[in-house]
Every structure is written in C-alpha cells, then in structure tokens.
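I opened the model and kept notes as I went. The entries follow in the order of looking.

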Amino acid sequence: MHHHATHQVHAGYEPEAPHWPVAVPIHQTAAYRFPDHATAAAMFRLETPGFTYSRTGNPTVAVFENRLAALEGGIGAIGTATGQAAVALSLLTLLHSGRHLVASSQLYGGTVDLLTDTFADFGIEVTFADPADPPAWAAAIRPDTRAFFLEAITNPLATLPDLPALADLAHAAGVPVVVDSTLATPALYRPLEHGADVVVHSATKFLGGHGTVLGGAIVDGGTFDYGAAPERWPQLARPKARYGGQALVDRHGRGAYLALARSKFLHDLGPSLAPASAAQFIQGLETLEVRVARHGSTALTVAEHLAGHPAVGRVHHPGIPGHPSAALAARDFPHGTGSVFSFDLAAGPEAVGPFIDALELFQLVANVGDVRSLVCHPATMTHCRLAPDRREAAGIGETTIRLSIGLECPEDLIADLDHALATVPASAPAAVPASALAGEVR
Ligand SMILES: Cc1ncc(COP(=O)(O)O)c(C=O)c1O
C-alpha cells in the first residue's frame, strides 16, 4: 500500500504495450469497437464490464477515477462534467420525489440553488442545519430522510464540520453522509476516514489546480449497507427490470451505489467528463500535495496579516485565533485548512467596490483553486441568489470578501491587499451577523 504522494503520481495507471506511454494517453474517442456480437450484447446487459460508449466510461477518465479513489480511500469513483453534476448525481442516487435531505446551512451558492430550486421541483425536500451544531442535524432527521450533505471546509467562511459526530447521527438513523471536499482535497482531509460514506469534488478547483477545465467526481467509500434495509433503498436493494430483474446490491455488492450513479444517472442525464479534461486532472493530481501545501502556507500568512489590519473587521480563517472552527482544525486538519477564506471590511458596503477595483494582482473571478490569487464578493456574486435570511444564516455579511490564495509570492499579495485596503474609509467595525458566531464548537 503506497503513501499518498506516490498514489498521486502512479495510482490507476501502468504503461502498456505496444508503445508503453509514460504519461496517461488521452483516449479521444466517443465509442469502442466490440470484438463480436456476443460480447457487445453481454456488455449492454451490464453482465461483462468494459467501455461501450464514452458517456458512461472512458479509459482516460477511468485513470482519473481510480487515482482519485485511491487518494480518498474509496472503492471507486465516477468522473463528471462539472462539480455541480457530481453533487447532483451523488444525491439523486439517494433521493427522489417524497424524500428528504438534511444539508449544511453553509454551502456553495450553486449547491443551494440546486437544493432549494431544482430539487424542490423534483419533490425532494431539504432542511438546512448549522454544520457546527450536531443537535440541529439530529432534530432535522425525518422518517423520509435519506442523506446528510455538507462541505468539508465551507465556502466562503472556511467553517469546519464535526464530521464524526454528524456521521454517528446519520448512521444511527440509517442515512449515508455525502461530503463535498472540494476546498479540502485529499491532500488535507479524507472525509471517508472521518465517517463520510460518499465524497464529491469540483475538480475544477484544486484537483485541476490551474483554472483551465471544468470537472467533478463522486467517490464511494463502499461503507454504507443499502441491503440492510431494502424497503428504504428500493432503487438499490429491490429487483429492477432495468437490471435484468436483479437488485443492484446483489449484482454489485458494495459497488451498488456507484453502479446506479453511473448506469442510470450518468447514462440518462449525460454529464460525462471529457477525456481531455480528465488528462488535465490527472496532471493536476500529480502535483496536488505540493501545490496545496504552498497555497495553504501563503493563505495563513495573508490571513494573519489581514487580522492585524485596521481596515479589516474579522478574518474567517480557522488558523486565526477566535475562529469558531479553530479546535476542529487542530483535531482533524493537521496539514491546514487550505487557501480559500474570507474577511469582513471594517466599513460599510459602499467600501466593497472601491476596495475590489483597487486590487491589481488579485483578480475578480467567480472561481477558487487557481494558481492565480482570486477575489470575490459572495453577497453580490456566488451567493447572490440566497434569500437574505439564508445568507445571514451562512454568516455572509455585506462586506464579506472571499479570497482564494494562489501560488504567487506572499509579500506581493500582501502589498496588493494593503494598497487596496487604503481605499477603505476608517470607521467603526462592521457589525458581525449573530449567526456567524453561532458556529462555536459545542
Ligand atoms: C464547494 C463547491 N462545490 C461544488 C462546486 C461546483 O463545481 P463546478 O463549478 O465545477 O460545477 C463549486 C464551485 O464553485 C464549489 O465551490
């Protein structure tokens, strides 16, 4: 069993004859020739594994899937066209009309749109709960609850969940836990080791790492036993005509969840990862640990500087004393909490525009996890469609600024921020929403 750094470079790929290419080849093909009719028929009956058509699988995508599964400690993975597709498919595999989800109140804005709008159209109900308040999750569980969903490090305030506590609650209620680990990456945190059952990623961010391609992934730990309560999981544990009258748990055992996600949802809805994009993610994974370490150390240096700046009201980084997740960071994140964090300007909302426009190195971009440092104003950008009460519950204020720290020199980044902070008029510290303090570790 190799270490993490070795898996990053080798897992899921062995050069093969006749050419023995050292780097993973891009299999730029839509389809695959079958050796004969009997093999084709067996593969279409899902009896024989193999590639039939690149919507449901591709050899280059498979290397990315297997490498990420090795890094997360999962039994397998599915690559998707975007992180948004990974989140959607991971949950649709567990939920359908009439089912209920308990989700963190601190989520990426696009995920909130998915849960509150599109899932509502599908008849899936959602209750939001504070990720740092396990009793609130216990209180939200209903007989029709079929999943917990949360982010390993929240976007944009870098709040950390007490995942083992939440997983215990979910499992006691017979419910699996899905964790979006986009901001953590397996270089910092492996949710399956802390009680999660499924991990999802927007590979667009740190896994690719260079802001060039969109993609996502679902990794299954194979830990949740859907066969233990077949009446709760008919899609996995009851015979289906689509699967030759068999139940997926009988056909695939611990692989049933991924089999359903791939053969039904990836196949029917079609958000497949392109092989050329998978190749870029494979290359990104090769340098993940070194990049993430540098991103994180620069982010902490910048956060510490901001915490001492008079134009800054509050810095939302778990490495800064007083952050509600400082204790969880020390317990569960020995390699740090990454490089996406936020701070509030100590001024009114009118200071936001001039501050952002004065930045020269930080680019105003709706993305994170790039080699370039990025800035964003969540209240008017990524989280602008959140209802005001939901935005306040997420702790996002009107002057909250999100940073994604890149790989530039920390001194240059600090100089750029100082230059822009000089535009902020001196004033009393901006009010911090009460809910931002409600995330204390209890
Ligand atoms: C935490 C998180 N999850 C999911 C997504 C969606 O990923 P994508 O943009 O690749 O669809 C994002 C995008 O910003 C994100 O930050």
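Entry 1, Arg 45. I looked up its place and found Arg 45 in the loop between helix H2 (37–44) and helix H3 (59–72). Helices here are DSSP runs of H or I with at least four residues, strands are runs of E with at least two, and both are numbered from the N terminus. The model is a predicted one, where local features need pLDDT of at least 70 and side-chain atom pairs count only at pLDDT 80 or more, while totals for chains, interfaces and linings use all residues. Residues are numbered from 1 along each chain as its sequence is written, and side-chain values use heavy atoms, with hydrogens and water left out.

Arg 45 counts as partly exposed because its relative accessibility is 46%; buried means under 20% relative accessible area, exposed over 50%, and partly exposed in between, with a 1.4 Å probe and protein chains only. The side chain of Arg 45 makes a polar contact of 2.9 Å with the side chain of Glu 47. A polar contact is a pair of N or O atoms within 3.5 Å; within protein, one must be able to donate a hydrogen and the other to accept it, and residues adjacent in sequence count only if both atoms are side-chain atoms. I also noted Gly 244, which is 199 residues from Arg 45 in sequence, with 7.6 Å between the C-alpha atoms.

Is Pro 161 buried or exposed? Pro 161 counts as buried because its relative accessibility is 1%. I found Pro 161 in the loop between strand E4 (145–151) and helix H7 (163–172). Its C-alpha atom is 5.0 Å from that of Pro 131, and the two are 30 residues apart along the chain.

I placed Asp 180 in strand E5 (residues 177–180). Its side chain makes a polar contact of 2.6 Å with the side chain of Thr 182. Asp 180 is buried but has no salt bridge, which would need a side-chain nitrogen of Lys or Arg within 4 Å of a carboxyl oxygen of Asp or Glu. The nearest side chain of opposite charge is Lys 205, 9.1 Å away; Lys and Arg count as positive, Asp and Glu as negative, and His and the chain ends are not counted.

Which distance separates a ligand nitrogen atom from an N or O atom in the side chain of Asp 180? I read 2.6 Å for that pair. A polar side-chain atom of Lys 205 is 2.8 Å from a ligand oxygen atom.
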